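I opened this entry to keep track of what I looked up in one protein structure. The notes follow in the order I made them.

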Amino acid sequence: MAGGLIGEAALGAVLGEAFSQLFETVKDVVNKARMFESILANLQSTLASLVPLVEEITRLNREVGHPEEEIKSLIEQMKKGKKLVLKCSKISWWNYCMKSQHATKLCELDKDIGRFFQIDLQAWNARNVLETLAGVNAIRKNMNLAVKNGGVSCAVPRPPDFIVGLDVHMKKLKMQLLKEEVSVLVLTAPGGCGKTTLVKMLCQDEEIKGIFKENIFFVPVSKTPNLKVIVEKLFRHKGYQVPEFQTDEDAINQLEQLLNQIEGSILLILDDVWSGSESLLDKFEFNIPNYKILVTSRTAFPRFSFTYKLQPLKDEDAMTLFRHSAALQDGSSLIRDKDIEKILKVCGGFPLALRVIGRSLRGQSAEVLKSWVKKWCSGRSILDSDRDLLVCLQKSLDFLDNEVIKKCFLDLGLFPEDQRIPVAVLIDMWAELYELDEEGIDAIANLHEITSRNLASLVVSRKDASDIGNYYSEDFVIQHDLLRELAIHQSNQEPIEQRKRLIMNISGNNLPKWTEQKQQPLGARLLSISTDETFSSSWCNIETSEVEVVVLNFQTKNYKLPEFVEKMDKLKVLIATNYGFFHAELGNFQLLEYVPHLKKIRLEKVSIPSLCKAPIRLRGLKKLSLFMCNIGEAFRSCTIQVSDALPNLMEINMDYCNDLVELPAGLCNIVSLKKLSITNCHKLSAMPEEIGNVVNLEVLRLKSCTDLQELPESIRSLHKLSILDISDCLSIRKLPKYIGELRDLKELHMEGCLRLRNHLPPSTLDLEQLELVTCDEERAKLWEPIKDSLTNLKVEVAEKDINLNWLPVHDF
């Protein structure tokens with residue numbers, strides 16, 4: 001390595017010092033620069049999570065040294081970042097231009113630092129600089145843990161950007177929590193009052209962070225808690241391998257051992273504990289020094305001595321929050337203060353109601369506002385119960401004058417509470433149910449409309465040019481539990497036989513009582529069945545001939561499709577999601593052979609070899625999506641040819657399938673295939689030569705397959721290929737020699753291909769249809785000589801970003 005102003009042995013120390021100064025500056029300024037408080041809090045959270053990595057890099061650099069150029073660049077970035085943060089603390093509140101400019105720069109700083117530790121460190125590994133170091137595996141494990149485990153972090157979500165009326169409550173709650181005699185504190189209030197928001201604020205407090213440090217664990221409990229799953233989350237969050245718990249008692253015993261090993265004070269937050277779960281709280285009580293439990297619940301749980309009751313917002317704060325949500329300026333003539341006061345009375349000081357109702361009024365004319373105020377203000381206060389709050393929120397649906405958007409909102413109730421809803425799933429459903437476009441553009445537009453009303457939150461992964469092609473695999477929707485209840489409540493207004501959405505929540509083997517009675521045929525178009533870890537797949541017999549979409553949510557290791565699926569003549573979409581931590585064997589899959597119109601299947605955390613035990617043919621299937629599935633020898637072990645089993649398949653998506661080492665050659669015989677996406681499959685090292693047989697392929701996406709060495713030369717036969725995405729394929733060194741024969745190629749995405757450094761193959765000049773190449777700055781230089789010949793070509797340097805969508809995000 002070339003020498004520099006800073007010696008190799010000292011580089012790590014200088015990096016550590018620069019990082020420390022930036023971190024301390026952010027912590028000092030975050031509560032002073034009120035205009036940037038939310039952004040700085042995010043940056044502070046990013047830096048806090050990187051402390052172990054910086055310490056490890058500092059240690060390793062003393063031993064062997066790291067690439068000098070990258071470390072110097074990061075050091076310089078951190079020094080500039082410190083100056084930027086100090087500038088932000090001096091900007092006046094009225095200077096909106098400066099605020100906007102510096103807010104953008106702060107976001108870029110946050111992204112760049114995060115990206116460095118995720119992408120650049122992996123690049124060093126790819127160059128074999130760190131592969132021999134004893135600590136590198138631990139570093140990579142810490143960086144990728146959340147991704148591999150599908151979002152199991154127990155980190156505290158960030159609070160909303162705009163909060164009023166909770167500062168005093170936060171100080172009182174903190175004072176009570178820190179009392180020596182308090183081991184369990186129950187924070188109680190009706191739903192929608194802001195309990196979880198208050199907890200998020202508390203965990204941002206410097207004194208709380210100083211006491212509990214990295215030992216604050218945030219665990220959503222919900223209505224039907226799974227104790228073993230909760231304990232598994234805590235094990236994984238701390239980076240431990242999860243034991244296979246035999247019983248709930250075994251899980252609790254091992255959790256106690258884990259907590260005893262943790263140094264320092266511990267705060268366990270059990271969020272949204274429902275009535276009837278008091279015995280669950282008992283199990284988490286341990287005689288461990290400096291161990292505290294903070295519970296949020298709509299129930300006070302009188303057995304516990306220490307309770308803090310959160311009251312709804314006072315009138316002044318409620319007015320502030322409503323005006324902000326409705327985008328009403330002070331003195332606005334659109335709606336009078338006395339009319340707002342009437343609305344505040346209806347909302348009862350509930351922040352959730354104020355946000356949703358306020359957002360639904362945003363942008364409406366004065367006449368519309370007055371009309372709705374008159375209608376809304378004829379009822380009583382919603383302070384009495386959650387049911388009243390649901391009634392209040394129901395009125396916000398009146399503004400969804402588009403019936404399809406209203407139906408889309410109601411469909412969100414088909415999925416379990418406190419779980420992310422993949423956008424890709426919604427696109428599959430809505431394309432079939434409401435004739436929306438298959439590419440997802442209409443679905444995304446509807447989700448933005450729902451989000452704009454504060455009825456859900458759309459969380460979008462990085463949207464730089466690499467996401468061209470309408471690929472939404474990493475996007476998802478989250479929803480407040482009360483809004484989910486609202487969707488279910490609306491769907492359940494009609495008798496069971498007439499409901500369009502039939503939602504079944506089964507605890508143990510206790511099937512709904514209506515299934516025991518003689519039934520008329522059900523008219524539901526959508527059927528959702530959620531079961532817990534004790535369900536034994538003992539199904540009832542119901543007539544569901546009108547069902548077009550089935551959503552199965554389960555947690556058991558062995559799960560069988562319901563026998564009545566066989567009679568679903570109109571079934572088009574099957575979604576089976578395993579919410580347990582271990583992969584599930586899926587039984588009765590052969591029933592699908594008798595479903596004539598089934599077009600789309602999505603499986604999550606399922607062991608695919610189980611699908612090949614019995615030969616089945618899915619002649620109508622157009623799309624197969626596998627997320628976090630174990631594929632193993634699945635397609636090789638089938639007793640019939642894959643092309644015979646799936647003769648009309650047009651799209652395959654495989655995402656986070658961590659045991660996929662080589663794409664089965666049999667899939668390449670499906671000549672009808674138009675889209676093949678294999679993303680985040682980090683063990684995939686080779687594509688088969690037979691890939692050239694898929695002559696109708698239009699999209700080939702191999703994004704973030706970090707071990708993929710090269711593309712086979714047979715790719716030259718894919719004359720219809722229009723989009724090729726190899727972004728973040730860290731190990732690819734060169735493009736195929738005959739890539740120029742891809743005469744229809746319009747887009748090539750190759751950002752993050754850090755080992756691709758040689759000249760482009762001469763045949764690249766033959767890519768006459770190529771319109772867009774996305775890459776980083778170093779790769780962009782390789783395209784400079786090509787641009788003179790390909791006059792329609794645009795080479796775009798992708799924005800540096802980092803995808804943190806596995807972290808819990810709550811906006812309510």
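**Notebook: loops, helices and charges**

I began with Glu 689, which I found in the loop between strand 19 and strand 20. I noted that the model is a predicted one. Glu 689 belongs to a negative surface patch, together with Glu 662, Glu 690 and Glu 710.

I then looked at Asn 680, which sits in the loop between strand 19 (675-679) and strand 20 (699-701). Its phi is near 55 degrees, a positive value in a residue other than glycine. Most residues other than glycine have a negative phi. Is Asn 680 buried or exposed? Asn 680 counts as buried, at 6% relative accessibility.

**Another positive phi**

I looked up Asp 272 next and placed it in strand 3 (residues 266-273). Asp 272 is not a glycine, yet its phi is positive, near 65 degrees.

**The chain as a whole**

I went back for the totals. The protein chain has 22 helices and 24 strands. Of its 812 residues, 56% are buried. I put down about 35100 Å² for the accessible surface, 48% of which belongs to carbon and sulfur atoms. For contacts between residues at least 6 apart in sequence, I noted that 68% join residues at least 24 apart.

**Helix 14**

Why is helix 14 largely enclosed by the rest of the structure? I found that 10 of the 11 residues of helix 14 (residues 351-361) are buried, so the rest of the structure largely encloses it. The buried residues include Pro 351, Arg 355, Ser 360 and Leu 361. Just after this helix, Gly 363 takes a positive phi of about 80 degrees.

**The positive patch**

I listed Lys 79, Lys 80, Lys 83, Lys 87 and Lys 105 as the residues that form a positive surface patch. Which helix gives the largest share of the positive patch? Helix 3 (residues 68-88) does, with 4 residues. Lys 105 is found in helix 4 (residues 96-126). I recorded a relative accessible area of 44% for Lys 105, which is partly exposed.

**Salt bridges**

Side chains of opposite charge can pair when their charged atoms come close. I noted 26 salt bridges in the structure.

One of them joins the side chains of Asp 282 and Arg 303, at 2.1 Å from N to O. This pair links distant parts of the chain, 21 residues apart: Asp 282 is in helix 11 (residues 278-283), and Arg 303 is in the loop between strand 4 (291-297) and strand 5 (306-309). Asp 282 is partly exposed at 34% relative accessibility, and Arg 303 is partly exposed at 46%. I also found Asp 282 and Arg 303 in a network of salt bridges with Glu 278 and Glu 285.

I then checked Glu 778, which forms a salt bridge with Arg 757, their closest N and O atoms being 3.7 Å apart. This pair, too, links distant parts of the chain, with Glu 778 in helix 22 (residues 777-787) and Arg 757 in the loop between strand 22 (747-749) and strand 23 (772-775). Glu 778 is partly exposed at 40% relative accessibility, and Arg 757 is partly exposed at 42%.

My last entry is the salt bridge between the side chains of Asp 776 and Arg 779, at 3.0 Å from N to O. Asp 776 counts as buried at 12% relative accessibility, and Arg 779 counts as buried at 2%.

Technical notes
Residues numbered from 1 in each chain as written. Predicted model: local features only at pLDDT ≥ 70, side-chain atom pairs only at ≥ 80, totals over all residues. Heavy atoms only, no water. Buried < 20%, exposed > 50% of the residue type's maximum accessible area, 1.4 Å probe, protein only. Helix = DSSP H or I, 4+ residues; strand = E, 2+ residues; numbered from the N terminus. Patch = residues over 30% accessible without salt bridge, like charges linked within 9 Å, V, L, I, M, F, W, Y side chains within 5 Å. Areas by Shrake-Rupley, 256 points an atom, 1.4 Å probe, with all protein chains shown as cover. Salt bridge = Lys/Arg side-chain N within 4 Å of Asp/Glu carboxyl O. Lys, Arg positive; Asp, Glu negative; His and termini not counted. Charge placed at Lys NZ, Arg CZ, Asp CG, Glu CD. Contact = heavy atoms within 4.5 Å.
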